Amino acid sequence: MAFTKRRIMLLLCFIMAASVELSTAAVYEVGDSKGWIVGNVDYNDWAFSKNFQVNDILNFNYNNKYHNVMQVSSQEYYSCTVTDPMATLNTGKDSFTLSAPGDYYYVCGFPGHCQIGQKVHIQVSGSQVNSAQRKANPSEASAVSSHSFLWFSIMGMLGICFY
């Protein structure tokens, strides 16, 4: 019985440590405070400055009388000719979860908007990085990992000693 309690405690400690290390997804407002508009935002420069990871969320905020957001193929993105979008949303507050590594393409489907730059190409890297590591420089990132490992070790030892 005591052996089973130890196993359960060790498992719980491992789960808690893993949840600390694998933090929640980042949420990005496309275009930052300007939102999803025509002009004054270079969406590809905006996207290039980000480090998108699996499970991150893109929020598109816009006036739905004048814009929408469509997820499209690369061909439709580059040609600005949309015939079969993967998704079309038009609430003015739409979100997409980046569910897998790869390239994602979004355009405004209103006539002429894509052609004048209301489109964004998102590249999602293959490995998940926690939010602390995204913001940290390399030495700080290793400190975050060391801290999590230390926390996990201490909790594991307490679990073994007291249960």
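This is a predicted model: local features need pLDDT of at least 70, side-chain atom pairs count only at pLDDT 80 or more; totals for chains, interfaces and linings use all residues.
Tyr78 belongs to helix α3 (residues 74-79) and Tyr105 to strand β6 (residues 102-107), so the pair links parts 27 residues apart in sequence.

## More rings

The count of aromatic pairs comes to 11. One of them joins Tyr28 and Phe52: their centres are 4.8 Å apart and their planes sit at 65 degrees, so this pair goes down as edge-to-face. Tyr28 is in strand β1 (27-29), while Phe52 is in the loop between α2 (43-48) and β2 (57-61), so the contact ties together parts 24 residues apart in sequence. Tyr28 counts as buried, at 14% relative accessibility, and Phe52 is buried too, at 2%.

There's also an aromatic cluster made up of Trp36, Tyr43, Phe60, Phe96 and Tyr106. For a charge over a ring, look at Lys119: its charged end sits over the ring of Tyr77, 4.6 Å from the ring centre.

## The whole chain

Stepping back, the chain has 5 helices and 7 strands, running α-β-α-β-β-α-β-β-β-β-α-α from the N terminus. Of its 163 residues, 31% count as buried. The chain exposes about 9900 Å², with carbon and sulfur atoms supplying 60% of that area.

As for contacts with a separation of 6 or more, 70% come from residues 24 or more positions apart.

Methods:
Residues are numbered from 1 along each chain as its sequence is written. Side-chain values use heavy atoms; hydrogens and water are left out. Helices (H or I, at least four residues) and strands (E, at least two) are DSSP runs, numbered from the N terminus. Buried means under 20% relative accessible area, exposed over 50%, partly exposed in between (1.4 Å probe, protein chains only). Contact means heavy atoms within 4.5 Å. Accessible areas come from the Shrake-Rupley method with a 1.4 Å probe; for residues, only the protein chains shown count as cover. Rings of Phe, Tyr and Trp (its six-membered ring) pair if their centres lie within 6.5 Å; planes under 30 degrees apart count as stacked, over 60 as edge-to-face and the rest as tilted. A charge sits over a ring if NZ of Lys or CZ of Arg is within 6 Å of the ring centre and within 35 degrees of the ring normal.
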